[in-house]
Amino acid sequence: MKMQTFELNNGEKIPVLGLGTFQMTPDQAQKAVVAALESGYRLVDTANAYLNEKAVGRGIKDSSVARKDIYLSSKLWPTVYTKADAVDETLERLGTDHVDLLFLHQPAGDYMAGYRKLEQAYREGKIKAIGISNFYGEKLQHLLEEAKIKPQVIQVEAHPYYTQQELREILRPYKTRLMAWYPLGHGDRSLMNEDIFTKLAQKYGKTNIQIILRWHIQMGFIVIPGSTDPEHIKANADLFDFELSASDMAEIKKLDQTKRYYMPDATREEQYAQMDMDFSSQK
């Protein structure tokens, strides 16, 4: 399998498909990273708050794929936005001298201090692209106005029930690429078993999940499904030998109903973002 890429607004190339490691234990993450890389994946996504960065780094080293051929992304947690060594400590946990994409994880705390930290790391070559995660509304507008280097990627919930049309229109002038989490609607069977996906799965000889993941790619979304099952990981990457037609995409578009599974709440985000986590204690 030859992995396809999208071009970011700074000219960097990012794989269209990656492995998400949210809610994976260190042992699960390490094994899943190896399985994904051996199955042709070239993008791996983690975060300070996932508490598995060290394991992701080990998985990369355990694989047969050279670090230079792997696109690695992680996220700074709000409690370290003002910490001087936050980026260097992230690199140390990952066991690498650079991260290809580093996000601010939440629009909480002193997020502009965090963004300035990312801009500095970008200029120093410690990161190759800047990302923001879960930003929306006034805080997104504020960041876009203040940012000297506009974000290359935003990571948000996106799936056929919720295509982030309004957000995409806001970001269109900046050519900020969308990376989708909850790409399968948080495992919602009512989404995955929609008649249109069953019909297209039969048409193309694929699974409903593969149809949805292919839809993400053709929407221009970077997609990061998470799985710890090697067979599922491999199947999730079997997306590059077919293409949904314009009429197929039009039928899927009818499902968009702005239904989301995560509802942003500013107060809750601020409280959650101040959770004290010892990132150095990872195994």
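Visitor: Is Ala237 buried or exposed?

Guide: Before the answer, please note that this is a predicted model, in which local features need pLDDT of at least 70 and side-chain atom pairs count only at pLDDT 80 or more, while totals for chains, interfaces and linings use all residues. Residues are numbered from 1 along each chain as its sequence is written, and side-chain values use heavy atoms, with hydrogens and water left out. A residue is called buried under 20% relative accessible area, exposed over 50% and partly exposed in between, with a 1.4 Å probe and protein chains only. Since the relative accessible area of Ala237 is 3%, Ala237 is buried.

Visitor: Where is Ala237 found, and with which residues is it in contact, leaving aside its neighbours within four places in sequence?

Guide: Ala237 is found in the loop between H10 and H11, where the helices (H or I, at least four residues) and strands (E, at least two) are DSSP runs numbered from the N terminus. The C-alpha atoms of Ala237 and Gly40 are separated by 7.4 Å, although these residues are 197 apart along the chain. With contact taken as heavy atoms within 4.5 Å, and with neighbours within four places in sequence left aside, the partners of Ala237 are Met1, Leu17, Ser39 and Tyr41.

Visitor: Why does His216 count as buried, and which residues does it touch, not counting residues up to four places away in sequence?

Guide: His216 is found in helix H9, and it counts as buried because its relative accessibility is 0%. Its C-alpha atom and that of Ala158, 58 residues apart along the chain, are separated by 8.6 Å. Not counting residues up to four places away in sequence, His216 touches Ala158, His159, Pro160, Ala180, Pro183, Phe221 and Val223.

Visitor: At what angle do H8 and H9 pack, and which residues meet there?

Guide: With axes fitted as lines to C-alpha atoms, for helices over the stretch in contact, and angles running from 0 to 180 degrees between N-to-C directions, helix H8 (residues 195-204) and H9 pack at about 95°, their axes being 8 Å apart. Angles under 35 degrees count as roughly parallel, over 145 as roughly antiparallel, 65 to 115 as roughly perpendicular and the rest as oblique, and H8 and H9 are therefore roughly perpendicular to each other. The residues that meet are Phe197, Thr198, Leu200, Ala201 and Tyr204 in H8 and Asn208, Ile211 and Ile212 in H9.

Visitor: How do the residues of this contact of H8 with H9 divide by class?

Guide: Ala, Val, Leu, Ile, Met, Phe, Trp, Tyr, Cys and Pro count as nonpolar, Asp, Glu, Lys and Arg as charged, and the others, Gly among them, as polar. On that scheme, the contact of H8 with H9 has 6 nonpolar, 2 polar and no charged residues.

Visitor: What covers the buried residues of H2?

Guide: In helix H2 (residues 53-62), the buried residues are Glu53, Ala55, Val56, Gly57, Gly59 and Ile60. What covers them includes helix H1 (26-38), strand E4 (43-45), strand E5 (71-76) and helix H3 (86-94).

Visitor: How much space lies in the largest pocket, and which residues are the closest to its centre?

Guide: On a 1 Å grid over the protein atoms alone, a pocket is an open set of points where a 1.4 Å probe fits, with protein on both sides within 12 Å along at least five of seven lines, and lining residues have an atom within 4 Å of a point. Grid points are joined across faces, edges and corners, and a volume is the space filled by probe spheres set on the points. The space in the largest pocket is about 1100 Å³, and of the 39 residues that line this pocket, the closest to its centre are Phe22, Gln23, Tyr182, His186 and Gly226.

Visitor: Which class has 18 residues in the lining of the largest pocket?

Guide: The elements that give two or more residues to the lining of the largest pocket are helix H9 (208-218), helix H10 (230-236) and helix H12 (266-273). By class, this lining has 17 nonpolar and 4 charged residues, and the class with 18 is polar.

Visitor: What is the phi of Gln23?

Guide: Gln23 is found in the loop between strand E3 (19-20) and H1, and it counts as exposed because its relative accessibility is 65%. Although Gln23 is not a glycine, its phi is positive, at about 65°.
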